[in-house]
Amino acid sequence: MSMNVLTGMSYPLGATVYPNGVNFCIFSKTCKSLELLLFDTPDAAQPSEVILLDPNINRTFYYWHVFIEGMQAGQIYGYRADGLFFPEAGYRFDYEKVLLDPYAKAVVNDENYSRGAASQPGDNCAKAFKSVVVDPKAYDWEGDLPLRIPYSETIIYELHVGGFTRHPSSGLPPEKRGTYAGLVEKIPYLKDLGITAVELMPVHQFDEQDAVLPLRNYWGYSTVAFFAPHRGYSSRRDPLGPVEEFKDMVKAFHKAGLEVILDVVFNHTAEGNHNGPTLSFRGLDNALYYILEEYDGQYYSNYSGCGNTVKANYEIAGQLIVDCLRYWVSEMHVDGFRFDLASIFSRDKNGYPIEDAPILWIIKSDPVLAGTKLIAEAWDAGGLYEVGSFAGDRFTEWNGKYRDDVRSFVKSDPGKVQQLAARIMGSPDIYPQPDREPHCSINFITCHDGFTINDLVSYNGKHNEANGEKNRDGCNYNVSWNCGEEGLTDNPVIEALRLQQIKNFLTILFVSQGTPMILMGDEVRRTQHGNNNAYCQDNELSWFDWSDIGKQADILRFMKGIIRFTQERHMFRINTILQAEGKHLPYITWHGLRLDKPNWGESSRYLAFSLRHPDTGEYLHIMLSSYWEALTFELPNLPSGQYWHRIVDTGLAAPHDLYDVKVAPAVKALRYRVNPRSSVVLMAK
């Protein structure tokens, strides 16, 4: 290849396309020499060109750079860095390893990649991930803009890009199954369900081999390239295909009025612990990207539970995180982020918890991110738990206490009524700040991590033997109840109770203040057969089985109905915590079996409350019982000519369990018998 190699510039980082060529820039403070490798094909065993960067010409401060005239998007490249290999001091340079650009916007050679080759001595060129030059400006967005749907109108659907359409029952051609393009085909289903945003489990390029062999990493919490869409989710195999297909997907979702939120994993990388592979960061500046143990730098601090911890509050790692977020918003048009194990952002460069962590303040105040949703999983694997206290009021939070308290109430644990009331009101005990909106609480019953909603009512304990770790993995604390028999059952009484319990969970979720989130497939009772940690199960155990739409039509109808009902009520879109009384503002009144007499006692397993919105005239009365016998509740009096109408009663069989407002049957008595373990929603009209 004939090329004109120029000095280049120290900004921006990564490979940047200009009309006359490409500028390459990469950071390494401690390497002794650096080579840019150019490849003709993804699986090339040797580079077609090697460009040695001269530190006297091609380095500014710690930024190495070079400009190649005439080069265009689509060029495949990588790096080699040489320097000290002294693990005890934190140096892990390995000249034999081909390194990904930390700012690579596309990655190839996933078909030939070998994690083992990157972990062992020797040249891994033929089996290494390789970077691709991308020109983000070449795509036509056709005027696409962020939707910026308020949290008060948001319903989040957490899904796995691969698992959503990979099952043969998806009806898609094989080449589209499990892809961004396949996801586009299912937009009508998602719209009909009533959700407003999809939260995609990790789509950054990840290492599928980071699992107990022969299993594969399915979830994707093993990032190798933060700027690149995962190639395994693309139906296109050309170097630029995943980038363009991802953009096509986002554009299609926006045209349908649906937001796209990404689950991002900045707390650790696929390079793992001291025995892990050298893929990128470790081979460029190990001690600057990772928190190392103070007593011995060859070991990684493991606050993520995945082998290493990114040094988020150190300059270069923090800069990468912010640049990455900006890129996905400005160039890929995503609407928000869910930060996995976000409390690692609250640790300093040595791993100690700190207040006012710089990385968090930079993110929350960044103008490019001003209109995006920022959702924190406000804990980490090192014991830091910050739900209710995470970085000011810009971030919303996965409310783990909501999940646990609602589960406890529905399974009839004692002493849970007062906690349930707090969760229904947007958790003011957790978020006491007067200016904190109730929608800062992301309410959920289930998520990818743990039981599906079907398994929550079908298993008392986890069954993770298929993961190859002798059932040691996964959480032991599930707050689940199998309703009388472990796993699958042909007992109609148990099966009816399980269905009823699922409807109880959904009713509480959607009448609570906060932003509701549901898990892919819960609307059709997707089961993982008791596996609560299916991170390595890329098979029918985890996939969405589209034949369940017909088999589980009852719960799907109920899910759609309760979403539609709450989305149409102003009461569930207010931006302030409900007060206990009020004349002009929406308010809540607590009851027990008798009006105005809630039973907060240890033995109580029931709660009722009224919701009133004076400006719109909306008036609801809700009764919740996890007691195993029927209970009779008093109902509030209504003005002459008005009656209570039954919208929901989970104690009744379909179709009488849920009615549309227009045809809801009237309740003319002033008492209502609530069946065992049931939820009832009445509306005055």
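Biologist: How far apart do the C-alpha centres of domain 1 and domain 2 lie?
Modeller: This is a predicted model: local features need pLDDT of at least 70, side-chain atom pairs count only at pLDDT 80 or more, and totals for chains, interfaces and linings use all residues. Residues are numbered from 1 along each chain as its sequence is written, and side-chain values use heavy atoms, with hydrogens and water left out. Domain bounds come from an automatic or database domain assignment. Between the C-alpha centres of domain 1 and domain 2 the separation is 32 Å.

Biologist: Which residues make up domain 2?
Modeller: The protein chain is divided into three parts, with domain 1 at 5-133 and domain 3 at 587-684. Domain 2 covers residues 151-568.

Biologist: How many residues does domain 2 bring to the contact with domain 1?
Modeller: Contact means heavy atoms within 4.5 Å. Domain 1 supplies 37 residues. From domain 2 the number is 43.

Biologist: What area is buried between domain 1 and domain 2?
Modeller: The size of an interface is often given as the accessible area lost when the parts come together. Buried area here is the accessible area (1.4 Å probe) that two parts lose on being put together, summed over both. Carbon and sulfur atoms give 57% of it. The total is about 3,400 Å².

Biologist: How many salt bridges are there between domain 1 and domain 2?
Modeller: Side chains of opposite charge can pair when their charged atoms come close. The test asks for a side-chain nitrogen of Lys or Arg within 4 Å of a carboxyl oxygen of Asp or Glu. Glu111 and Arg237 pass, at 3.0 Å from N to O. Between domain 1 and domain 2 the count is 4.

Biologist: Which element gives the largest share of the side of domain 1 that touches domain 2?
Modeller: Elements are DSSP runs numbered from the N terminus: helices (H or I, at least four residues) and strands (E, at least two). Those giving two or more residues to this side are strand E3 (21-27), strand E11 (107-108) and helix H1 (115-119). The largest share, 3 residues, comes from H1.

Biologist: How many nonpolar residues are on the side of domain 1 that touches domain 2?
Modeller: Ala, Val, Leu, Ile, Met, Phe, Trp, Tyr, Cys and Pro count as nonpolar; Asp, Glu, Lys and Arg as charged; the others, Gly among them, as polar. This side has 6 polar and 9 charged residues. Its nonpolar count is 22.

Biologist: Lys373 forms a salt bridge; which residue is its partner?
Modeller: The whole structure has 34 salt bridges. Lys373 sits in strand E19 (residues 373-376), and its partner, 114 residues apart, is in strand E17 (residues 259-264). Both are buried (under 20% relative accessible area; exposed is over 50%, partly exposed in between; 1.4 Å probe, protein chains only). The N to O distance is 2.7 Å, and the partner is Glu259.

Biologist: Asp429 and Arg423 form a salt bridge; is Arg423 buried or exposed?
Modeller: The closest N and O atoms of the pair are 2.8 Å apart. Asp429 has 48% relative accessibility, so it counts as partly exposed. Arg423 has a relative accessible area of 3%, so it is buried.

Biologist: Which side chain makes a polar contact with the side chain of Lys503?
Modeller: Lys503 lies in helix H12 (residues 492-511) and counts as buried because its relative accessibility is 3%. Beyond four places in sequence, its contacts include Ile555, Phe558, Thr650 and Asp657. A polar contact is a pair of N or O atoms within 3.5 Å; within protein, one must be able to donate a hydrogen and the other to accept it, and residues adjacent in sequence count only if both atoms are side-chain atoms. At 3.1 Å, the partner is Asp554.

Biologist: What is phi of Cys483?
Modeller: Cys483 is in the loop between helix H11 (453-456) and H12. Its relative accessibility is 6%, so it counts as buried. Phi is positive in this residue other than glycine, near 65 degrees.
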